[in-house]
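Here is a short report on one protein chain.

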Amino acid sequence: MNESKICTTLFQNSIIFLNDAIKHFNNAMQGHSGRILTVVEVQMAIELAMKYRIAEEYGSKIIFDIVPSDIDDNELEKMFTENKLTTREFENLKNFLKGKEEFCRKLSNEFKYMEKFQLYRNKLVHLSYNFSQKELNELEDDIIHVIVYILHTLLSGKVSADEYRIF
C-alpha cells in the first residue's frame with residue numbers, strides 16, 4: 001500500500017459526509033432533525049478533509065496516534081485493512097495545521113468555524129445542543145461558509161475533485 005490509499009479513503013469519506021450534509025441542508029434545514037444531521041455531517045466532513053489534507057501534504061503517519069516511524073508500507077497496509085489504526089484527536093490535528101504557515105495563512109479566519117462545529121457536534125452526539133436564536137439565524141450562513149472556505153481549501157489539491165461527485 002502506498003499513502004494514496006489512505007488519502008483516497010479519507011477524501012472519499014469526507015465527500016460522502018459533505019454530500020449528505022448538502023442533502024440535509026437543502027431538504028430539511030428548517031426542521032430540528034435536519035439541522036442536527038447537517039451540522040454533524042458538516043463537522044465530520046471537516047475532520048476527514050483535515051486528515052486527508054495532512055496525510056496528503058505531510059504523510060499519513062502524522063494523523064495516527066501510535067505508528068512506529070520505521071514501519072514499512074506492508075505493515076501499515078495490514079494495520080489499515082484490519083482497522084487497527086487510530087487517529088489523533090480533532091484538536092491535535094487542527095493545532096498541527098495551525099502550526100503550518102501555509103495553512104495558518106489560508107485558514108486563519110476559519111479555525112473559529114472549525115471549533116464552533118466541533119463544539120456543536122460534540123454536544124449533539126454526546127447529549128444535545130440547544131441552539132440559541134442567534135445561532136439558528138447564523139447557522140445557514142455558517143454552513144455555506146464552511147463548505148466554501150474550509151472544505152474547498154482542504155479538499156482542493158492533488159486529488160482531483162472531478163473524479164468524485166461533490167454536489
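C7 is buried, at a relative accessible area of 3%. C104 is partly exposed, at 32% relative accessibility. The structure, a predicted model, holds zero disulfides. In general terms, a disulfide is a covalent bond between the sulfur atoms of two cysteines.

**Overall fold**

The protein has seven helices and zero strands. Read from the N terminus, the order of elements is α-α-α-α-α-α-α. Of its 167 residues, 44% count as buried. The protein exposes about 9,200 Å². Carbon and sulfur atoms supply 49% of that area. Take the contacts between residues at least 6 apart in sequence: 71% of them join residues at least 24 apart.

**The core**

Which residues touch the most other members of the largest nonpolar core? They are I46, F117 and L151, in a core of 49 residues. Helices α1 (3-28), α2, α3, α4, α5 (101-107), α6 (111-126) and α7 each supply at least two residues of this core. The most comes from α2, with eleven residues. As a general rule, in soluble globular proteins nonpolar side chains tend to be buried together.

Beyond its neighbours within four places in sequence, L151 is in contact with S14, L18, A45, I46, A49, V146 and S156. One of these partners, I46, is itself among the core residues that touch the most other members.

E47 lies in helix α2. Is E47 buried or exposed? E47 counts as buried because its relative accessibility is 13%, under the 20% cut-off. Leaving aside neighbours within four places in sequence, E47 contacts F90 and Q118.

F64 sits in the loop between α2 (32-58) and α3. Although placed in a loop, F64 is buried, at 5% relative accessibility. Residues up to four places away in sequence aside, F64 touches I6, L76, L85, T86, T87 and R88. F64 and K51 are 13 residues apart along the chain, and their C-alpha atoms are separated by 9.4 Å.

**A positive phi at N83**

N83 lies in the loop between α3 (73-81) and α4 (90-98). Its phi is near 55 degrees, a positive value in a residue other than glycine. Most residues other than glycine have a negative phi. N83 is also exposed, at 69% relative accessibility.

**A nonpolar surface patch**

Which residues form a nonpolar patch on the surface? The patch consists of I144, V148 and Y149. Together they have about 280 Å² of accessible area. I144 belongs to helix α7 (residues 133-155).

**Accessibility at a glance**

The table gathers the residues discussed above for which a relative accessible area is given.

| Residue | Relative accessible area | Class |
|---|---|---|
| C7 | 3% | buried |
| F64 | 5% | buried |
| E47 | 13% | buried |
| C104 | 32% | partly exposed |
| N83 | 69% | exposed |

Note on methods. Residues numbered from 1 in each chain as written. Predicted model: local features only at pLDDT ≥ 70, side-chain atom pairs only at ≥ 80, totals over all residues. Heavy atoms only, no water. Patch = residues over 30% accessible without salt bridge, like charges linked within 9 Å, V, L, I, M, F, W, Y side chains within 5 Å. Areas by Shrake-Rupley, 256 points an atom, 1.4 Å probe, with all protein chains shown as cover. Salt bridge = Lys/Arg side-chain N within 4 Å of Asp/Glu carboxyl O. Helix = DSSP H or I, 4+ residues; strand = E, 2+ residues; numbered from the N terminus. Disulfide = S-S within 2.5 Å. Buried < 20%, exposed > 50% of the residue type's maximum accessible area, 1.4 Å probe, protein only. Contact = heavy atoms within 4.5 Å. Core = buried A, V, L, I, M, F, W, Y, C linked by side-chain atoms within 4.5 Å.
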